[in-house]
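Hello,

Please find the model we talked about below.

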There are 2 protein chains.
Amino acid sequence: MPPADSDFNSLLNAKVRIVNLQLDSLLAEQSEIQEDLRAALAYALSAPGKRVRSALVLWSCEVVAGRDNHEARIAAAAIEMVHTYSLIHDDLPAMDDDDLRRGWPTCHKAFNEATAILAGDALLTLAFEVVASKIADACLAAELITQLARASGAAGMIAGQMADLQAENTAGTVEALEYIHTNKTAKMFRCAAVMGGLCGQAELGRLKAEPGQLDALARYGLKIGLGFQIADDILDVSASSEQLGKTAGKDVQAAKCTYPAVVGIDKSREIERQLAHDAIDALEIFEKKADVLRQLAQALLEREK
Amino acid sequence: MPPADSDFNSLLNAKVRIVNLQLDSLLAEQSEIQEDLRAALAYALSAPGKRVRSALVLWSCEVVAGRDNHEARIAAAAIEMVHTYSLIHDDLPAMDDDDLRRGWPTCHKAFNEATAILAGDALLTLAFEVVASKIADACLAAELITQLARASGAAGMIAGQMADLQAENTAGTVEALEYIHTNKTAKMFRCAAVMGGLCGQAELGRLKAEPGQLDALARYGLKIGLGFQIADDILDVSASSEQLGKTAGKDVQAAKCTYPAVVGIDKSREIERQLAHDAIDALEIFEKKADVLRQLAQALLEREK
């Protein structure tokens, strides 16, 4: 996401490095993984992702506890694994049938379809394993797993993908779009913010003791998640494949139900700005401590990929 | 599994009823599931499965604590969800490409391929969600999730499926077969037995305090799991599709690496008997309390589907 000021970009890059190292080390520790699966997992996880969800986990922990911590890094890696699995499965021929992702051939193109299905399954499973086995505070681990499973499951991300597939070639309404984007994307952003907040609270010995903090982070996460997805829709019609690292114009080609298609580009940009504004509003109780999340909301508006 | 004495069958049927009710109620509680996904999940979960893994969870809990309990019922439902997801994905065209499962059209035949992929993903996710959210003892929940994820992940069931696909049309060795069956099937049986034991120990306030019990259950589970899979291989060549509820002769047709193909039917039966014997041996420390597990080992030897 190049523009936004360079201070913010170095903050984001620092988080991306932490998440990448955490992912590498978690994968390396899994000594018994079947070797061809390991290659597919490493491939999918090392493709240059934006790591926005995982950075959001770390920053939300910082907002609550003053710094990120081991638990937040595990949760960040877990949400990145879940996000990556969802990309692998969404790109499959039976789903969105895409050849390019994060600038690289999609997993089923680089390997084969069976390997891609299994690699996705393995990443989803591993996400839950690392949270359950690497976070010593079992109450925190159980709460994180509950949040992550709900956000990514059949009442969350998977519901969004299902509705998205079904909406292809339909006229589309704003309500249908909101359902798709909320479930497919925004609930995972909300989950990231809440998971980070929980890790911060646990560090202070105050797990779930201040629900107001979690509510604020949840509202923030949902709003920027929705804004992020609308920005994605806009970029699909306005940017090149090279900029995006995935096939541009794909939504139009697949007759996907998107904001620009349903309400037009100008109105889409207006909704996006309003969402960033609402997201920033939700952070009031944190005062200056949440400045980095305000910058993130701003950066998402201005992103070019 | 008709033969085996009728007392054992009524014990098994009682457990199957408990598991089916638990699955129904867990699915009904998920009020926000996307409706088409709910139909696919309900379809896959209600197909008449043998429920051996989930019965094993309940019985292992009984062996340790004298009765099964709420935690074991949740764990049993979770392992059945994971098993069901694995069947849905294994049956996909890119994998084993099968049309019939548990006597019913496979999920991608009854719905479509995208729905089957997503339904499998949703079941896997839901399995972890129910353990994390419905078991109040967070230490137990975290341990169960760790066990379930390891058994079913890229160093377990998924590794077995990957190796199984790769072994098609190869000559096959006993070592390769053991790797496939141990990972694809036996580790999940071991996990079932250990999860049940953990739930029993937690009930007595002795979670992980008696590792000898868990070791014995783990050894038992691994042996009957391997025996179960060899029995499956034998049935594939000796039984009809009607008996099996899935396409008979499919392994031969797909040039799958199976025990009968590699060592012959007689030797396969001998190995199967030895495994049942070893499984029963592992139960010594439980004395008479483990009789039902001894009957299960016997029944698996004699099963006709």
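**How the two copies are arranged**

**Ground rules**

This is a predicted model: local features need pLDDT of at least 70, side-chain atom pairs count only at pLDDT 80 or more, and totals for chains, interfaces and linings use all residues. Residues are numbered from 1 along each chain as its sequence is written, while chains are lettered from A and ligands numbered from 1 in the order in which they are written.

**Confidence**

pLDDT is the predictor's confidence in each residue, from 0 to 100. Chain A averages 93, and 96% of its residues score at least 70. For the complex, the predictor gives an ipTM of 0.96 and a pTM of 0.96.

**The interface**

Contact means that the C-beta atoms of two residues, placed from the backbone, lie within 7 Å. On that basis, 42 residues of chain A are in contact with 42 residues of chain B. Four helices of chain A each supply at least two residues of the side that touches chain B: H2 (35–46), H6 (113–134), H7 (138–152) and H8 (157–167). Helices (H or I, at least four residues) and strands (E, at least two) are DSSP runs, numbered from the N terminus. H6(A) gives the largest share of that side, 13 residues. The copies meet through the same surface, because 100% of the interface residues of chain A are also interface residues in chain B.

**Helix H6(A)**

H6(A) is mostly covered, with 19 of its 22 residues buried. Buried means that 20 or more other C-beta atoms lie within 10 Å of the residue's own; exposed means 12 or fewer, and partly exposed is in between, with C-beta atoms placed from the backbone.

**Chain A as a whole**

Chain A has 15 helices and 2 strands. Its C-alpha atoms fill a box of roughly 50 × 45 × 35 Å, taken along the principal axes. Of the 305 residues in chain A, 56% are buried. Among contacts in chain A with a separation of 6 or more, 75% join residues 24 or more positions apart.

Best wishes
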